[in-house]
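Let's take a friendly tour of a protein model, going from the whole chain down to single side chains. Keep the structure in view and look up each residue as it comes along.

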Amino acid sequence: MFNRLFGKPKQEINALTTLDKLNETLEMLEKKEKVLLKKAAAEVEKAKEFAKARNKRAAIQCLKRKRLYEQQIEQLGNFQLRVHDQMIMLEGAKATTETVDALRTGAAAMKAMQKATNIDDVDKTMDEINEQTENMKQIQEALSTPIGAAADFDEDELEAELEELEGAELEEQLLQPATTAPAAPIHVPAGRQPARPIPQKHTAEEDELAALQAEMAL
């Protein structure tokens, strides 16, 4: 369908060649128009000179040739307009062809990818992933289940025992006496030493009295 509407790649090459040919034709028409404009201007100057010379017939002939040139200039302008119109149409057709070709390539790539990955394969792959995930969960649950003597422990009893231990620890902390703060050090000014206690000397009589009191206490 697209080939019937817009042609094949070979026709696209022909379109490019045609555009080049139209550009050359347009340049040729513009050059001819410039030449005719110069000739028309020259006939006007000649008519002025003949008019000054009182040669009315020659002046009129110059004006006639000027009008012929002007007719040709107008015709060349129409030709240029037609060429421009044709170029615009071809450029639009070329852009359309390139767009359709890109869309055709994209559609073919999409079709190939869909053919390589159909919905049945996708469903099968997702089922396999779900099955493997479920198997992994079962394996992890089996590994985390206690076995042997640990399986016979009652979780409620263990939690109750833990609460008793925590309560006993808290009670022990509450019964402990508050620790006394260490005595603050005494700062002595520089140059002064603290006075040392003077040892007391006991007399012999005081020693005998103390020994007597001790015997009486026994």
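Of the 218 residues in this predicted model, 11% count as buried. The protein exposes about 19700 Å², and carbon and sulfur atoms supply 57% of that area.

**The overall plan**

The secondary structure comes to six helices and zero strands. Follow the chain along its sequence and you will read the pattern α-α-α-α-α-α.

**A buried leucine**

Now pick out L29, which sits in helix α2, residues 9-52. Is L29 buried or exposed? Its relative accessible area is 7%, and buried means under 20%, so L29 is buried. Which residues does L29 touch, once its neighbours within four places in sequence are left aside? They are L76, F79, Q80 and V83.

**Charged pairs**

Side chains of opposite charge can pair when their charged atoms come close. In the whole structure, a search finds four salt bridges.

| Pair | N to O distance | Relative accessible area |
|---|---|---|
| E43 and R65 | 3.1 Å | E43 6%, R65 33% |
| K66 and E70 | 2.8 Å | K66 15%, E70 38% |
| E98 and K94 | 2.6 Å | E98 37%, K94 22% |

Start with the salt bridge of E43 and R65, whose closest N and O atoms are 3.1 Å apart. What does this pair tie together? E43 lies in helix α2 and R65 in helix α3, residues 56-116, so the pair links parts that are 22 residues apart in sequence. With a relative accessible area of 6%, E43 is buried, whereas R65, at 33%, is partly exposed.

Next comes the salt bridge between K66 and E70. Both residues lie in helix α3, four residues apart, which is about one turn of the helix.

E98 is partly exposed at 37% relative accessibility, and K94 is partly exposed at 22%.

**A negative patch**

Finally, turn to the surface. Which residues gather there in a patch of negative charge? They are E155, D156, E157, E159, E161, E163, E164 and E166. One of them, E166, is found in helix α5, which covers residues 155-175.

**Looking back**

The tour began with a pattern of six helices, went on to L29, buried in helix α2, and then to the salt bridge of E43 with R65. It ended at the patch of negative charge on the surface.

How values were computed. Residues are numbered from 1 along each chain as its sequence is written. This is a predicted model: local features need pLDDT of at least 70, side-chain atom pairs count only at pLDDT 80 or more; totals for chains, interfaces and linings use all residues. Side-chain values use heavy atoms; hydrogens and water are left out. Patches are made of residues with over 30% relative accessible area and no salt bridge: like charges are joined within 9 Å, nonpolar side chains (Val, Leu, Ile, Met, Phe, Trp, Tyr) within 5 Å. Accessible areas come from the Shrake-Rupley method with a 1.4 Å probe; for residues, only the protein chains shown count as cover. A salt bridge is a side-chain nitrogen of Lys or Arg within 4 Å of a carboxyl oxygen of Asp or Glu. Lys and Arg count as positive and Asp and Glu as negative; His and the chain ends are not counted. The place of a charge is taken as NZ of Lys, CZ of Arg, CG of Asp or CD of Glu. Helices (H or I, at least four residues) and strands (E, at least two) are DSSP runs, numbered from the N terminus. Buried means under 20% relative accessible area, exposed over 50%, partly exposed in between (1.4 Å probe, protein chains only). Contact means heavy atoms within 4.5 Å.
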